[in-house]
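Thanks for making time this morning.

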Amino acid sequence: MEGLLGFFNLLDGFLGSAFWFPYALLGVGAFFTIYLKFPQIRFFKHAWLVVTGKYDKADEPGDTSHFRALTTALSGTVGTGNISGVAFAIFLGGPAALFWMWATAFLGMTTKFVEVTLSHKYRVKTEDGTMAGGPMYYMDRRLNMKWLAVAFAIATVISSFGTGNLPQSNGIATSMESTFGFSPVVVGGILSILLGLVILGGITRIAAVTSRIVPIMALIYIIGAFAVIFANIENVGPAFASVIGDAFTGSAAAGGFLGATLAYAFNRGVNRGLFSNEAGQGSAPIAHAAAKTKEPVSEGMVSILEPFIDTIIICTLTGLVILSSGVWKEKHQNIFDRSDMTFMAGQYDESNSEDTNKLFLHLNNEEGDEVTNFTGEIEVVKGTATTGGFTLMNSRSFAENVTYSVGETEFPFTGTLKVDDGALVKSSIIVEGKSLVHSANLTAIAFTRGYFGEFGKYIVSIGLLLFAFSTAIAWSYYGDRAMTYLLGPRSVMPYRVIYCAGFFWAAISDTTLVWALSAVAIVVMTLPNLFGIMMLRKEMKDSMNEYWEKYKK
């Protein structure tokens with residue numbers, strides 16, 4: 001497993017985490033924004049009119065309304081990325097990361113407009129009478145690139161597990177256990193059954209459920225966010241200033257004490273933006289293809305609203321909660337995760353600027369890095385290290401008040417600990433102390449700094465539950481439409497059964513390998529889609545102009 005994990009991480013480094021990927025994503029969005037004369041601004045009002053049903057006709061082909069297609073697509077994008085993804089981006093790249101998420105969303109509004117329009121235009125009616133669409137259909141039927149369509153569909157099936165299923169289930173189970181003490185087995189079992197009841201009913205039931213879940217979950221989360229923002233209103237202005245200022249000056253482009261460079265903030269912001277709103281990935285067009293309309297461009301108009309709602313509204317609220325509360329720069333008591341914890345050779349002092357500069361170079365792989373990882377033994381008495389020669393870093397910060405205990409008993413450890421290349425060898429040892437935190441834990445702490453106090457963390461847990469569950473629902477539909485393209489409608493039911501089983505398995509298992517595979521699959525979806533819509537740029541422009549001539553009055 002470690003070999004496969006290393007391979008997929010290496011492949012992701014060449015693809016999704018590569019320096020060129022954000023430029024490719026933003027470049028296509030920027031091109032279409034200029035080429036189509038800023039449709040995300042020109043058609044914004046019209047998009048709201050379409051989604052509210054002004055132009056609906058009952059006898060038009062399709063499986064669901066514009067509104068329900070939008071909420072289904074939103075349920076796939078509004079997920080853990082809006083809670084933990086934003087926090088992780090700010091942790092790594094500072095306030096500047098939020099600015100680049102905005103940029104990704106603004107340009108992504110056009111990208112999504114294009115990909116949804118073209119996918120809807122080349123949708124088909126399947127043997128069971130339902131609509132099926134997505135980038136694989138325009139790749140096949142318009143570009144005559146069957147091989148590219150097959151590759152995209154396979155990547156979609158993989159991503160349905162790696163993006164919409166396994167990490168969502170794992171995140172829900174972890175959150176429910178840490179907040180309420182619920183067993184992951186119970187949580188996974190109940191939610192798997194509920195998931196099955198929803199997705200076995202197909203797009204009609206999926207759309208009906210998401211049209212109710214999405215507004216409710218958004219309302220709960222927005223109320224909780226404003227409770228923090230208003231409680232820290234004096235910090236909102238400086239927060240906005242830091243988001244914009246740091247994106248260009250890099251004066252505080254570091255998350256926490258030893259954050260990342262300005263370039264890293266750009267990379268993390270763009271990648272988190274894609275993970276959140278999925279503009280350019282080609283997933284949302286699959287949901288929009290079910291909308292009832294003879295006008296593909298009208299559904300493209302509806303999709304303009306997705307990145308706006310997902311990123312510019314919800315992700316911004318999360319960012320402001322974290323920045324205005326100040327928790328992203330504070331150290332908090334927590335149990336250290338192995339992946340965040342490193343023992344550095346030598347003793348460094350946080351108050352010494354020369355020491356912090358050395359560790360900054362090391363953590364960001366900069367030139368001049370002279371720091372090495374610690375290898376050796378540490379003597380511990382009653383949970384406290386009694387030997388020196390090392391500095392423990394956790395979550396890119398100096399760890400404080402560190403204690404070592406045995407397993408889940410939290411019994412103070414006494415004895416010798418072996419460290420190999422910065423990593424603790426003994427897996428049963430629990431390391432706890434004060435350090436920076438990130439992801440969902442950071443958001444949960446931030447939500448306690450408002451009018452709801454400690455109850456705020458429950459809003460995050462409930463929000464995470466609803467967001468993640470709705471994401472799993474939407475991605476099940478993306479996967480079954482991909483299976484329909486690859487193997488026909490008869491393959492859908494077995495896929496749905498496996499999907500529900502995977503949701504239960506992920507609640508009680510380590511899904512690291514699947515997440516790494518999904519990171520690669522996302523790029524395998526995105527790059528062919530970007531290539532395809534660029535190939536059809538003239539057709540897109542003609543379709544848009546023809547539609548607007550009819551409806552601009």
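Which residues in α9 meet which residues in α21? Before I answer, please keep in mind that this is a predicted model. On the α9 side we find Val-157, Ser-160 and Phe-161, and they meet Tyr-495, Ile-498 and Tyr-499 on the α21 side.

Now, how do the two helices lie? Two packed helices are described by the angle between their axes and the distance between the axes. Helix α9 covers residues 146-162 and helix α21 covers residues 492-507, and their axes come within 10 Å and cross at roughly 30°. Because angles under 35 degrees count as roughly parallel, α9 is roughly parallel to α21.

Let me turn to charge. Side chains of opposite charge can pair when their charged atoms come close. The structure holds 13 salt bridges, and one of them joins the side chains of Glu-306 and Lys-112, at 2.9 Å from N to O. This pair links distant parts of the chain, since Glu-306 sits in helix α17 (residues 305-325) and Lys-112 in helix α7 (residues 96-121), 194 residues apart.

A search of the whole structure finds 3 cavities of 30 Å³ or more, and the largest cavity holds about 80 Å³ of space. Its lining includes Val-50, Asp-56, His-66 and Tyr-551, and the lining residues divide into 4 nonpolar, 3 polar and 4 charged.

Conventions
Residues are numbered from 1 along each chain as its sequence is written. This is a predicted model: local features need pLDDT of at least 70, side-chain atom pairs count only at pLDDT 80 or more; totals for chains, interfaces and linings use all residues. Side-chain values use heavy atoms; hydrogens and water are left out. On a 1 Å grid over the protein atoms alone, a cavity is a set of points where a 1.4 Å probe fits but cannot get out, and a pocket is an open set with protein on both sides within 12 Å along at least five of seven lines; lining residues have an atom within 4 Å of a point. Grid points are joined across faces, edges and corners, and a volume is the space filled by probe spheres set on the points. Ala, Val, Leu, Ile, Met, Phe, Trp, Tyr, Cys and Pro count as nonpolar, Asp, Glu, Lys and Arg as charged, and the others, Gly among them, as polar. Axes are lines fitted to C-alpha atoms, for helices over the stretch in contact, and angles run from 0 to 180 degrees between N-to-C directions. Helices (H or I, at least four residues) and strands (E, at least two) are DSSP runs, numbered from the N terminus. Angles under 35 degrees count as roughly parallel, over 145 as roughly antiparallel, 65 to 115 as roughly perpendicular and the rest as oblique. Contact means heavy atoms within 4.5 Å. A salt bridge is a side-chain nitrogen of Lys or Arg within 4 Å of a carboxyl oxygen of Asp or Glu.
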